[in-house]
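Trainee: Hi, I'm new to this one. Could you walk me through it?

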Amino acid sequence: MSIENPLPDVTAPSAETSGLIPGHTTVVAVVIEWRGKIALFKRSQHLHHDRGLWHCITGYLEPGVTPKQQALDELLEETGIHPTNLLDLRAGPDLVISDDDGQPWLVHTFTAVTSKRRLHIDWEHDSYRWTAPGKMKRFANRVAWLDLVLQATLPHSEPSISGREPPPES
């Protein structure tokens, strides 16, 4: 998902998104949490999109697989986190995020709370870092949609992960 807009269009899933093609425009996005910090992963230079940018764990939803099972599969494949290393796996809201071509993507969001600090990343990542959610501004080169996923999955984090001020309360 290569998105150039700083604020991609995000909506809740609706009847208009029923034309999404499972496995092609449906993905899981998993934010990993350990002791109040989150893991950010730097996309490998070997990938065709978003290379060198920070993001969370993602993967296409395979046909016949539930979003939860796909999230567990991606965690194991990309980080070495086994289900026995999880203290919690919380499903967040589903988001529809349009890419720079206007193509809608259905994103099933999750937060995986792990007991494992050391991760074993695969070829899809060059590195990873643990950071406090409020320190996201240090990772300026992140995928455009990451802030939206973090805001959806980490409601206890600071109101403005992206550094933008939240709207005034009425």
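Mentor: Happy to! Let's start with β3 and β8, two antiparallel strands joined by 6 bridges. Strands here are DSSP E runs of at least two residues, helices are H or I runs of at least four, both numbered from the N terminus, and two strands pair if DSSP finds at least two bridges between them.

Trainee: What sort of model is this, by the way?

Mentor: This is a predicted model, where local features need pLDDT of at least 70, side-chain atom pairs count only at pLDDT 80 or more, and totals for chains, interfaces and linings use all residues. Residues are numbered from 1 along each chain as its sequence is written, and side-chain values use heavy atoms, with hydrogens and water left out.

Trainee: OK, back to β8. Which residue there is the bridge partner of Ile-38?

Mentor: That is Thr-131. Ile-38 in β3 is also the bridge partner of Glu-33, and β2 and β3 pair in the antiparallel sense over 2 bridges.

Trainee: What about the hairpin of β2 and β3, how many residues are between the strands?

Mentor: There are 2, and Arg-35 takes a positive phi near 50° in that hairpin.

Trainee: And what does β3 do with β4?

Mentor: They run antiparallel too, with 2 bridges joining β3 to β4 (residues 54-55). There, His-55 is the bridge partner of Phe-41.

Trainee: Why is β3 largely enclosed?

Mentor: Because 5 of its 7 residues are buried, β3 is largely enclosed by the rest of the structure. Buried means under 20% relative accessible area, exposed over 50%, and partly exposed in between, with a 1.4 Å probe and protein chains only.

Trainee: New topic: which residues make up the aromatic cluster?

Mentor: Trp-34, Phe-41, Tyr-128 and Trp-130 form one cluster. Rings of Phe, Tyr and Trp (its six-membered ring) pair if their centres lie within 6.5 Å; planes under 30 degrees apart are stacked, over 60 edge-to-face, and the rest tilted.

Trainee: How many aromatic pairs are there?

Mentor: The structure holds 5. One of them is tilted: Trp-34 and Trp-130, 5.6 Å centre to centre with 50° between the planes. This pair links distant parts of the chain, with Trp-34 in β2 and Trp-130 in β8, 96 residues apart.

Trainee: Are those two tryptophans, Trp-34 and Trp-130, buried or exposed?

Mentor: Trp-34 is buried, and so is Trp-130.
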